[in-house]
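Start with the aromatic rings and then move on to the core and the charged groups.

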Amino acid sequence: MSTATFPMCSVVHFEMPYKDRERAARFYAAAFGWNHQFLGPEMGDYMLVSTAPAGARPPVPPEAALGSINGGLFPFQADGPIHHPSVVIAVEDIHAAIQRVTQAGGKVLGEPMAIPGVGNYVAFCDTEGNHNSMLQPDMAAPDCPA
């Protein structure tokens, strides 16, 4: 329970670095169906990504605010596989998503593991070296390619 004396501030955006903007756009379009918009040098060559159609509601608790992105923190382990922030992407079929990630040029880091009451989870590395993960939730999954 929070001890803050002000309202919660929700996560509304994520950012990851790229080394090759076009390659990164192709990877996330091929692996997860995301749309992208390239901005020019006046905007720092930023790439906006859309991860859900307007009005879509990912599998979040019913009490969560519309548009919120929940998260968590894990203990740092010097010999552990993850030492940096990552984004968890909900997928309908984790095995099909693993195949898409691999075909799009990414690398899956291990085998999916079952998280009781949550779903099946596996980490991956994209074409830009960013470590993220996928989750096939036990609850109803969002509309995304199988």
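Which residues do ring pairs link into a cluster? In this predicted model, the cluster consists of Phe14, Phe27, Tyr28, Phe32, Trp34 and Phe124. The structure as a whole holds seven aromatic pairs. In one of them, the ring centres of Phe27 and Tyr28 lie 4.8 Å apart with the planes at 85°, which is over 60°, so this pair is edge-to-face. Phe27 has a relative accessible area of 1% and is therefore buried; Tyr28, at 6%, is buried as well.

Phe27 also pairs with Phe124, here in a tilted arrangement with 6.1 Å between centres and 35° between planes. Because Phe27 belongs to helix α1 and Phe124 to strand β5, this pair ties together parts that are 97 residues apart in sequence. Both Phe27 and Phe124 are buried.

Leaving aside residues up to four places away in sequence, Ile89 touches Tyr28, Phe32, Trp34, Phe124, Ser133, Met134 and Leu135.

Turning to charged groups, a search of the whole structure finds one salt bridge. Glu128 forms it with Arg23, and the closest N and O atoms are 2.6 Å apart. Glu128 sits in the loop between β5 (119-125) and β6 (131-137), while Arg23 is in helix α1 (residues 21-32), 105 residues apart. Glu128 is buried, at 5% relative accessibility, whereas Arg23 is partly exposed, at 29%.

Methods:
Residues are numbered from 1 along each chain as its sequence is written. This is a predicted model: local features need pLDDT of at least 70, side-chain atom pairs count only at pLDDT 80 or more; totals for chains, interfaces and linings use all residues. Side-chain values use heavy atoms; hydrogens and water are left out. A salt bridge is a side-chain nitrogen of Lys or Arg within 4 Å of a carboxyl oxygen of Asp or Glu. Helices (H or I, at least four residues) and strands (E, at least two) are DSSP runs, numbered from the N terminus. Buried means under 20% relative accessible area, exposed over 50%, partly exposed in between (1.4 Å probe, protein chains only). Contact means heavy atoms within 4.5 Å. Rings of Phe, Tyr and Trp (its six-membered ring) pair if their centres lie within 6.5 Å; planes under 30 degrees apart count as stacked, over 60 as edge-to-face and the rest as tilted.
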